[in-house]
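I hope they are handy to read beside the viewer.

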Amino acid sequence: MQIGGVALFSPILATEGRHVFVVDDLQADDSPKLKYPLEAIRAYRDAMAYGARSVLWKNFITSGGRSTLEDPDYLRLSIMNVMAGAGCVAFLLFLVLDSTGSLGWSTLRIATDLLGIAVTLGVIIALRAGAPLEVMAKLTHLSLFVLLLLLAVARGEGVLAVTIPLIYPAPAYLLLDSVYRASIGTALMVLCLYAVILTNTGGFFEDTVAVLDGALSITLAMAFQAAVMALYLRSRQQSIAWLKSLRDTLAFQSAHDPLTGMQNRYTFNEVISREMRRRSDDRMFAFLMLDMDSFKAYNDTFGHPKGDELLQRVAETVQGLFNRAEDHVFRLGGEEFGIVFRPRDRSEAALMADRLLEAIESMEVPSPGGPHRHITASAGLLCRAPGPGPDSETIYRLADQAMYRAKEAGRARWMEANDEKQKNNGNP
């Protein structure tokens, strides 16, 4: 609302008959501009309510967000929660009906109902408390097997009670995630149901024809479900394995240089960030950055395939020298390489830099662009004491500046980023 050009509030609600409108830009001398009737407001309210219900449902089936759709265990976790929730409601209903005598009363029925409620609530609580999913899946399967049989036995005088365990195969295959174990469980359930039919005293399985008919129906129903679920589970496992292989391949390709197999610049940033957070290592942090001298002239003279071969040979040389599990070697771009390592002190870092430059020159690859007879490399060395440090861009920039000072000083050498200490490697 505006009065005298001053905004007081906007929008406001106004009423007209049975409709509510949002009033916008109400002036002192104007009539309200009515917009958005009550139906729109109700639709918005309903959408918000639906969203709230969706959030509650998702929270329930994922045990408070323990899993997501991308997680292979999402299906098993959801099934356990849905089964436990539905089972708890069913056993509560059975308990009420059995207690009032609506379905007949017996101690075994009441005990089964109470056990079912306790087990289903225990599954839900344990999952939300963070119990291991693999263990909970096996316990849930065992509970399902026992409770379904107890229902059939406790209510064996009714023909429908014997059909309740027919739901067993589908959740069994999904919970166990194993065709072999679920198939054994299904076979055991069939045999147990045969025993229930043969020992039945309710009257509807008294003659031989009824017994054979019941056994055949149970066998066909369970076998069909088992076959379908076995095919589904096998297909799902193959799909998950393929997706995992694809994910691992893509993760490797995104983190490594395809030509040399070294880690790339993206991984360099992650490694530096992790190394700067290390607290348990009292050794120095060292980053050695090197660039091949006269590489463009080599490419122009011998061609790019030969240039790629040279880069691969240099990569093998670097990896052969820095081969500890904690060493990280990178191709940072073009003919530029980097090594992150942990020397005991500066003298060890300097020794490793000398060895690397000597190893590259000892490959005796001709250098058509000079100034040396063979291909050489110039490097910048950055050493830092243990503890927190700068980000990857700062470390890269400091080492890069030192490396170009080495090139300006005659190449085939390295210089230190901190104190600009120069070390010659061979004759300049």
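1. Ile375 lies in the loop between helix H12 (346-361) and strand S9 (377-384). Helices here are DSSP runs of H or I with at least four residues, strands are DSSP runs of E with at least two, and both are numbered from the N terminus. Ile375 counts as buried because its relative accessibility is 0%. For accessibility, buried means under 20% relative accessible area, exposed means over 50%, and partly exposed is in between (1.4 Å probe, protein chains only). Ile375 and Ile360 are 15 residues apart in sequence, and their C-alpha atoms are 7.4 Å apart in space.

2. A word on the ground rules before going on. This is a predicted model, in which local features need pLDDT of at least 70 and side-chain atom pairs count only at pLDDT 80 or more, while totals for chains, interfaces and linings use all residues. Residues are numbered from 1 along each chain as its sequence is written, and side-chain values use heavy atoms, with hydrogens and water left out.

3. Another loop residue to look at is Ser178, found between helix H6 (169-176) and H7. Ser178 is buried, at a relative accessible area of 16%.

4. How do H2 and H4 run relative to each other, roughly parallel or roughly antiparallel? The axes of helix H2 (residues 74-100) and helix H4 (residues 133-154) come within 11 Å and cross at roughly 30 degrees, which makes H2 roughly parallel to H4. Axes are lines fitted to C-alpha atoms, for helices over the stretch in contact, with angles from 0 to 180 degrees between N-to-C directions. Angles under 35 degrees count as roughly parallel, over 145 as roughly antiparallel, 65 to 115 as roughly perpendicular, and the rest as oblique. The H2 and H4 crossing is left-handed (the near helix is turned anticlockwise from the far one by less than a right angle; clockwise would be right-handed).

5. H2 also pairs with helix H3 (residues 107-128): their axes come within 8 Å and cross at roughly 150 degrees. H2 is therefore roughly antiparallel to H3. The crossing of H2 and H3 is left-handed.

6. On to the charged side chains. Side chains of opposite charge can pair when their charged atoms come close. With a salt bridge taken as a side-chain nitrogen of Lys or Arg within 4 Å of a carboxyl oxygen of Asp or Glu, the count comes to 17 salt bridges. Among them is the contact of Lys407 with Asp291, at 3.2 Å from N to O. This pair links distant parts of the chain, with Lys407 in helix H13 (residues 392-408) and Asp291 in strand S6 (residues 285-292), 116 residues apart. Both Lys407 and Asp291 are buried.

7. Lys407 also forms a salt bridge with Asp293, where the closest N and O atoms are 2.6 Å apart. Asp293 is buried, as is Lys407.

8. What separates Asp300 and Lys296 in helix H10? They are separated by about one helical turn, because they are 4 residues apart in that helix. Their salt bridge has its closest N and O atoms 3.0 Å apart. Asp300 is exposed at 54% relative accessibility, and Lys296 is exposed at 61%. Elsewhere, salt bridges that share partners join Arg283, Arg324, Glu326 and Asp327 into one network.

9. Two backbone angles deserve a look in your viewer. Arg411 has a phi near 65 degrees, a positive value in a residue other than glycine. Ala412 is not a glycine either, yet has a positive phi of about 55 degrees. The loop between H13 and strand S10 (413-416) holds Arg411, and Ala412 is in that loop too. Arg411 is partly exposed, with 29% relative accessible area, whereas Ala412 is buried at 3%.
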